[in-house]
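Subject: Structure for you to look at

Hello,

Here is the structure I said I would pass on. Please have a look at it before reading my notes.

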Amino acid sequence: MVKILDRKLLRDLLRTKGLLIAVIMIVAVGTGSFVGMLSTYDNLLIARTSYYSRCRMADFWIDLKKAPISEIKNLETLKGISELRERISFPVIVDLENSNKPINGLALSMPAGPCSVINNIVMKSGSYFTNDIRDEVIVSDKFALARNIQPGSFINLILNGTKKKLYVAGTAISSEHIYLAPPGGIVDNPLGYGVFYLKREYMEDVFGFHGACNNIVGILTPKARYNSEQVLDNINKSLKDYGVYAATPLKLQFSNLTLSAEMGGLQTMATMFPAMFLSVAALVLNVLMTRITEQQRTIVGTLKALGINNMTIFNHFIKYGLFVGVTGGISGCILGHWIAAWMTVMYKTFFEFPNLLNELYPNTMLIAILISIVFSVIGTLRGVRRIIRLNPAEAMREPTPTSCENILLERWTRLWTNLDFRWQIILRSLFRNKSRTLIGIVAAAIGSSMVVLAFGFVNSMDEMIEFQFSKVMLSDYNLSLKDDLNYGAFIESKKLPGISHAEPIFNVPCTFINKNYHKKGMISGLISGAKLTIPRRANGDSVPIPPVGLLMTKRMAQHLDISEGQTVSFVPVRGERKTYEAKVVSIIDSMIGLSVYADFHYLNYLLGETSAVSDIQLKSNQTPEQKISFFKQLKTIPNIQSIDEIKVQKKIVTKQFTGAMQGTAFMMIMFAAVIFFGSILNGTLISIAERHREIATFRVLGYQAMEVGTIFLRENIVVNMIGTIAGLPLGYWLLVGMMSQFCNDAYSMPSVVYPSTWLWTIILAMLFVLGAHWIVQKDISKMDWSQALSMKE
Amino acid sequence: MSNVTETILDIKRVRKSYKIGRKNVPVLKGMDLKILQGECVLLLGPSGSGKSTLLHIAGGLDKPDEGHVIIGKENIYQLTDRKRAHIRNSKVGFVFQFYNLLPDLNAFDNIILPAILEKHDKMRSKKEVENRAFYLLELIGLVDRASHKPSELSGGEQQRVATARALINEPELILADEPTGNLDREAGDSVMELLFNLNEKNGTTLLIVSHNPQLSGLRGRILSLDNGIIEHI
Ligand SMILES: Nc1ncnc2c1ncn2[C@@H]1O[C@H](COP(=O)(O)OP(=O)(O)OP(=O)(O)O)[C@@H](O)[C@H]1O
Ligand SMILES: [Mg+2]
């Protein structure tokens, strides 16, 4: 029977359809980002969970120099360990016929026959080891695809300094390499890095590891998973004679860490975005509802006079918000599913899963619709409550017009009388509709913060790349050597074709200890006055390498709770594992890894070495021919473990990070546009409707539609520029919050906003205002103002 | 029609003043008025004398500062908002100067509006409500305009629809505020005739206020409101 009022509701909805669409769009984007990001999160979570259990993903990884397998048996008795698997793991160099450049890779041992080991592999093509041939390899699928390596073909690997021709049995993926980056790198590079699974016996022979291993992975008992650190500590202790380089729990394992950071980011955005959009939607709805109820004051009064009770009237108007919530929510779900599809496809290029699908999550959608309804209803509440609180007699009376009241500013006569009358109109209108003005400002602030955030993502990424590749790592090639060689090898490297400058590095993996804190890491010995690796502070200032003592990355210093001037102990994972001490001379910044630097000779001296070299950095000035022969020669140097071309690395990092970021940033700017348009259209169209008569008067006085429009345009510029500027710090603050999600031991994202971003945000906001004004102007131009004059308000 | 002379509306020592700026302007200064069932009372008074204020207070639309209003047996300002709304809905019918029809609804829907939105003591089916609406449309002579929107009706027709709306729940008391204020002579006459007829034929109690002593076919008890006090003429 309430149908009659519903018919009225329908007319109300139709009458305000333009405004409604604007609000619904904002709601849809809010719920859309909620559904989209949570669905993507769930897609990743489901894919990860099933992949981890399918591969029997380890709970921890131990890298060590060499330990007898018999030792594993002892470890298995440790409390908290459920199962262990030992492996042999070595860096390899791939010598492909179709590539003149040597390529880095990782060789991992696998059992000869397929069985359900920890960190098992999933075959993608070909077969597991056939065992017909001794020299067999299974290649990581992404690398095989990128390099066009087919099962049944042969590839050359340089294993332990000798080139071996291996039969490719198949290609495979593994859950420990969902995200695969070369050691020291932070992005995956399918063309430049691969994993090569070799039969254990084969590796034993090649690397001389009979009855020994250098990598242990294990699964913890369910209870021990909550304090894996404790178990890892115990493992560390019982393996201390075998040189443990690193003991990594699952949560810090690079692939898992990267995936988790991404998922964490998604979760944050899945709360932040909807909160921002739905708040704006609620605010805009508040403006709209206040207007509608104000317009229908007499109707409400009449209904009350007729004895219709407040609840019925309340329900009637709340349905308006309900409608916005439901339609916005449902369209948001559709949009969200589409966003999830897009993001899931994007993630597929980063993360390798056997099956990452975009699923439908009815629960998420239901929650999304509920949230959107709640926000929309809250948005309608204030306007409805206000009108309902009036007693019927009051409601039926025309409201006492506020338009005659002077605004505070008018008391400042000197200023006021000097203002152009159009500015007087604008200021009056802004101050008289205080809550509408405020809401316009808040919406603009949120919109602009979103633009800042979008640009800030890209800026921060650029900054990280810039810092790392143009300020810290200045070499063209990094060679890492198998054993610590002597200075001679370094002198030789200078003679390679086209090399203009070379610097040696002495890397010493070690455990740092301070008070109760300890952390695995590495000290890099750089020659004094090194030009190819320059430690720096975050502001870009270079920090000279002290003749004695260490430079330590801030994050490492925090781990160890140490500050400048204090002394840290460290135990190198080499030689006789004595404890050494060194002073932390300065704290520096690094965006990748937990670097610690020392003087090359000081470090050598400290460890009782004479000019040991573990890595070589090269600066080149090569002709293409020189480059080819350079790589050819590198392939023949037996002690080289990996070769990195920095330019290529930079290109890959740039392409991968900024590529993905730009997509996200574009989407966010579109979202911001929705906020700006929605809020401006709503506010202005309502303002126009209210000021029909004022506009008509102007037209009668001979003003053109354009000139009248300018008044509204100026009003919007004032409101939106104030909001946009207020949104700038808000955006920065959000960026800092977002980026802290992406800070871990492997890399730390800076939160950087370039000055041009502030400018761009203001320019974009201005464009949005002008764009919205174009629609407003059309509305003003087609207004029948002659009728407005004779109309009774 | 009946000889029972029960009091249907009892206004006791009602005071009401409005704040205008910082000044308190008294409008009703201790007003007493008793209306018996079946009476027809006309309250005349110049513009601004407080007629509408009185009518609103009498009908439960506006709270008095002091005093009581009793409709039937209920002291309406001691009731909750909800109960007061219920009394307005079931016992009182309003006719306003500006008709106050809902512009989106046609004549028929406007008429049945008060009957279908609230629960009633006298439970009626949809059919009954519709039958009564048709009866009322016939009574006001607008059967053929049932599906017209207010904007498609003349002022007089709108006021007659508003009157029918006031009658849909068979109220005991009709409060009419300048029912002819916006109508020309002829249209006004037909509305007044409708109201007087109701009083005579159905015994509906009427309280009509107007600033116009030339109101056609004056009858019943005539009072005048001046300076916040009621005087009998
Ligand atoms: N809500 C209000 N706020 C302030 N003053 C009010 C309010 N309602 C009524 N008044 C004032 O109270 C006085 C009586 O008003 P009321 O509307 O009752 O007069 P009236 O007799 O109905 O006049 P008319 O014949 O013009 O309808 C007037 O001076 C009016 O200005
Ligand atoms: Mg009046």
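The notes below cover chain B and then the site of ligand 1.

This is a predicted model, in which local features need pLDDT of at least 70, side-chain atom pairs count only at pLDDT 80 or more, and totals for chains, interfaces and linings use all residues. Residues are numbered from 1 along each chain as its sequence is written, chains are lettered from A and ligands numbered from 1 in the order in which they are written, and side-chain values use heavy atoms, with hydrogens and water left out.

Chain B has six helices and ten strands, taken as DSSP runs (helices H or I, at least four residues; strands E, at least two) numbered from the N terminus. Its C-alpha trace spans about 50 × 45 × 40 Å along the principal axes. Of the 233 residues in chain B, 54% are buried, meaning under 20% relative accessible area (1.4 Å probe, protein chains only).

Ligand 1 is surrounded by 13 residues, each with a heavy atom within 4 Å of the ligand. Residues from chains A and B take part, so the site is shared between chains. In chain B, α1 (51–58) and β1 (7–20) each supply at least two residues of this shell, and α1(B) gives the most, with three.

Oxygen atoms of ligand 1 lie 2.7 Å from a side-chain N or O atom of Ser52(B) and 2.9 Å from a backbone N or O atom of Gly50(B).

Regards

Conventions:
A polar contact is a pair of N or O atoms within 3.5 Å; within protein, one must be able to donate a hydrogen and the other to accept it, and residues adjacent in sequence count only if both atoms are side-chain atoms. Buried means under 20% relative accessible area, exposed over 50%, partly exposed in between (1.4 Å probe, protein chains only).
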